[in-house]
Amino acid sequence: MKKGFNLSDWALNHRSFVWFLMIVSLVAGAFSYVSMGREEDPSFAIKTMVVSAALPGATAEQTVTQVTDRIEKKLQELDNLKNTRSVTYPGQTVVYIDLTDNSRGDVVSDSWLKIRNMMSDLRSEMPDEFAGFYFNDDFGDVFGSIYAFTSDGFSPRELEERVEEVRSAILQLDAAGKVELVGVREPVVHIEFSSARLAALGLDQQTVMNTLAAQNAIVPSGFIHTGAEQILVRVSGQFSSADDLAYAPLRAGQTFFTLADVAEISSGYQDPPDALFRFNGEEGIALTIGMREGENILDFGEELHALMDRIAEELPVGIEMHRVADQPHVVEHSINHFVRALVEAVVIVLAVSFISLGVRAGLVVSLSIPLVLAITFVILDAMDITLQRISLGALIIALGLLVDDAMIAIETMISRLELGESLAKAASYAWTSIAFPMLTGTLVTVAGFIPIGLNASQAGEYTRSLFYVIAISLVISWVVAVLFAPVLGSTFLPKKMKHEKHEPGRIRRGFHVVLRAAMRFKWITILLTMATFAVSVVGLGLVEQQFFPTSDRNEILVDVTLRQNGDFQATDAEIKVFETWLAQQEEAQFFSTYVGRGAPRFLLTLDAPTATPNIGQIVIMTADNASRDALRAKIQEFDKTRASAEYFAKYLELGPPVGKPVQYRVSGPDYEVLRDHARDLATAISVDDRLTSIALDWNEPARVVRVVLDQARLRQLGLTQQDVAKALYSLFEGSSVTELRSGTKLISVLARGVEADRTTLEALENLQLGNSNGTPIPLSAFARLEFGTEQPVIHQRDRVPTITVKAAIVSDDQPDTVVADLVPVIEAFRASLPAAYSVELGGSVESSAESQAPIVAVVPIMVLIMLTLVMVQMQSFRLMFVVLAVAPLGLIGVVAALLPAGAPLGFVAILGVLALIGILIRNSVILFQEVKDLLDRGRTRWEAVFEASDSRARPILLTAAAASLALIPISRQVFWGPMAFAMMGGIIAGTLITLLFAPALYCAVFGVRRPRPGDGA
């Protein structure tokens, strides 16, 4: 090796070029840092597609049988299908298709196309009444900026036109993505017929509607060809307003009249609407704004803010604009917060370097930090990795590790200078002595993060940039240590350093005593360490488990849910009561309300509920976390006063969304039996006082009135079942007659019954229909009414009816703890279920298990790579055993840190624990490589182990100090805190294990004994 190529020596012989590379790296790194995208959280693919379908007039059970089941059965042919989840209502179904976690990139896009083709093939198998499919493969689109527009003195239509103008202006921005309007009231002209009046005049409503549609139709009238030119022929008579409709002439026999004589015509809006939006209780329109993928959200935010400020100045008096969600501002605040933490970590590492190494050597180590970071930024920018919560946190974690190689290289250089070697020879010595052990140690450390890089779960995708950042920065740190550090050292270190043989200080002498004792009483050392490890394994059971923590953002989300057959007006009225109460709470700065749907996905980790008339969602902004927590407690008390609805207040989530954390899925074939079992389960778990807001995602049946027709009597009267159904639908819901054309807007004209007829059961009982002869016929002449119940909604999972029992936690306990305590209850419930029924765990515990399973699958690859690297370096099975034996013992420090801090062992903390394995093995590799080198120089094994441990103590302690202290800035954060505590504890304990247990184990494995008196050491 010494006679071969020496990279450090080459760098010293090409100093100008190396200085050029350093300058270019710094400049390129600065440009890359500025140009890198900014996000609050890393993006991850939501591998879910939504297929909606309709079978008008069918019950929920008929829709399941005829539509939902066919769709889900067809989807089972999809190779990468994870599961299907369906929600079926009368006449409508919504099927969620979840792909397997290992579906990435083009595979996902190809799957969406394949699903469309599958549904196209399935179309021919559907009933004749089937109304078609609707696809949504943009389920994960994020609208990071939301503006509310409210008005005073403007109609909803006028407000919509003004907001549409704003939308068009925003779409002119280069970085703008999807821009949509929420809460738009669709204009409708209502023709309200009185069934009694029509019957009295002997009129058939359908004939009237057909006459109006024929008059309003756009039909060609031809051309007159004169020979010299062609003249267009146009026929007038199309309707342009509600007044035109009111005066439309009609005829019944010899009687002529207008539409206004038999119906009330009014211009209004869709009633009930599909959804409503309000800001601070005032109805308006929400403008939701997305950004194109790959753009810089901070730059886009500046452009958008400038545009919206200008638009606000131009709005007419009476229209106000309010900023509801501002992700660019949130990202800027989050990035600045992390950059501050990064600067603090850099200062800590620099302080460790200067204090431990001195000014000149500390300066060299300090200069390696910006070089490593700069080159890392260049590579990350090329890989399209953005600056966000994960990547910036990874940089802070990496800071304490990346200075290790530079510290070792400079310390080695100083030691050679003290021996009297020249600067050039001392600077190049690191390559021949420790470069490759350092490389092995670096690669082993990187290997410890492999489970993060290869984790195929959604949570793994969320945290994947952690692996890339640390792997890139650590490899670059090795390059900097062997290429740039020698040049920096030869520039800033003195040409000669006087070697002064100092007597060991008090601390070092104390370490010598402890080290010799550990080596001499090796079996006691090993037994004590193993006993401590066993205690830590037991203590690990006392550490709370966690998936991802809740966000520390100031928003509160309130899910409002009424009974499943709840009417839109009832939902709206209930939410208005809450808005009135909320407006009086001082903690609420402002709030936005969504009725009949959930809030737009203004954050990628937001869980979007299925839009139905009986749900709503309120997003409340508070001043700080204290106000947020206080308001949530108040909402929980308010919920207890409202028996007609559930108000579930929750915080935003970090990581993949889960909703209520404790969930159990009960599945089985019979709806009624299934419902009873689900209720029994809800009762069983309600005995746990820590659980609150226990609810079933579908529960009570809905009332139904069945019109039982006498088919023989129908034939006698000249009517059909379809005639009756159409008449009833027109009466209660409204039938489309035609459309008015207002610019690009099409305004539906709906015929329906008057309000008194369509809102009471009496109207159904007194309904009269006209046959083809115009004869009025009462409904009672050919039908009777029966009252009963049916399913308002049916949930299925993989084609099996499934009810999910969901619960929130009112205490500070983690979901894993609560679920573990409920195991006996669930097992007893499971044993009581019939053979065709089952119960499965869901919620955050299931998501955590699904996310950890890929980690477990990848651990063998990580272990194999580590074994290979260690064996390549050590070339000895016994040495490899000693090196690897250190790795799991870091758990001692992990448990010792987490328990006193009360920090949970979450998904991210588990990744940190795995990474500890690589860090500890790295130190052991370098320690025992030095033992080998000392043996080659003629030392006895006892001397080699003692001297290597003594000489490596200082750099190991320094790097441990740098790595652990650098984590302090992120230990205060909700997301990174548990991982920081786990790694700090593991690094500190691992340092002691490396310096004491590892030498003792080496002595035991190799049979090393203490020399007799007079033999030295």
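Q: Is Tyr-647 buried or exposed?
A: This is a predicted model, and in it Tyr-647 is buried, with a relative accessible area of 2%.

Q: And Phe-638, buried or exposed?
A: Phe-638 counts as buried, at 9% relative accessibility.

Q: How many aromatic pairs are there in the structure?
A: The structure holds 18 of them. One of them is Phe-638 with Tyr-647: the ring centres are 5.2 Å apart and the planes stand at 75 degrees, so this pair is edge-to-face.

Q: Which residues do ring pairs link into a cluster?
A: The cluster consists of Phe-578, Trp-581, Phe-638 and Tyr-647.

Q: What about Tyr-671 and Trp-698, how far apart are their ring centres?
A: Their centres are 6.1 Å apart. With the planes at 75 degrees, the pair is edge-to-face.

Q: Where do those two sit in the chain?
A: Tyr-671 lies in helix H21 (residues 671–685), while Trp-698 is in the loop between strand S21 (691–696) and strand S22 (702–709). The pair therefore ties together parts that are 27 residues apart in sequence. Both Tyr-671 and Trp-698 are buried.

Q: Switching to charges. How many salt bridges does the structure hold?
A: There are 36 salt bridges. Among them is Asp-69 with Arg-799, at 3.0 Å from N to O.

Q: What does Glu-164 form a salt bridge with?
A: Its partner is Arg-167, and the closest N and O atoms are 4.0 Å apart. Glu-164 is partly exposed, with a relative accessible area of 30%, and Arg-167 is partly exposed at 26%.

Q: And which residue does Arg-972 form a salt bridge with?
A: Arg-972 pairs with Glu-344, the closest N and O atoms being 3.3 Å apart. This pair links distant parts of the chain. Arg-972 is in the loop between helix H33 (968–971) and helix H34 (977–1006), and Glu-344 is in helix H10 (residues 327–357), 628 residues apart.

Q: Exposed or buried, for Arg-972?
A: Arg-972 is exposed, with a relative accessible area of 59%. Glu-344 is partly exposed, at 33%.

Q: Which residues do salt bridges with shared partners join into one network?
A: That network consists of Arg-278, Asp-572, Lys-576 and Glu-579.

Q: Last topic, the surface. Which residues gather in the patch of negative charge?
A: They are Asp-174, Asp-299, Glu-302, Glu-303 and Glu-332. Helix H9 (residues 297–314) supplies the largest share of the patch, three residues.

Q: Where is Asp-174 found?
A: Asp-174 is in the loop between helix H5 (156–170) and strand S6 (176–182). Asp-174 is exposed, with a relative accessible area of 62%.

Technical notes. Residues numbered from 1 in each chain as written. Predicted model: local features only at pLDDT ≥ 70, side-chain atom pairs only at ≥ 80, totals over all residues. Heavy atoms only, no water. Patch = residues over 30% accessible without salt bridge, like charges linked within 9 Å, V, L, I, M, F, W, Y side chains within 5 Å. Areas by Shrake-Rupley, 256 points an atom, 1.4 Å probe, with all protein chains shown as cover. Salt bridge = Lys/Arg side-chain N within 4 Å of Asp/Glu carboxyl O. Lys, Arg positive; Asp, Glu negative; His and termini not counted. Charge placed at Lys NZ, Arg CZ, Asp CG, Glu CD. Helix = DSSP H or I, 4+ residues; strand = E, 2+ residues; numbered from the N terminus. Buried < 20%, exposed > 50% of the residue type's maximum accessible area, 1.4 Å probe, protein only. Phe/Tyr/Trp six-rings, centres within 6.5 Å; stacked < 30°, edge-to-face > 60°.
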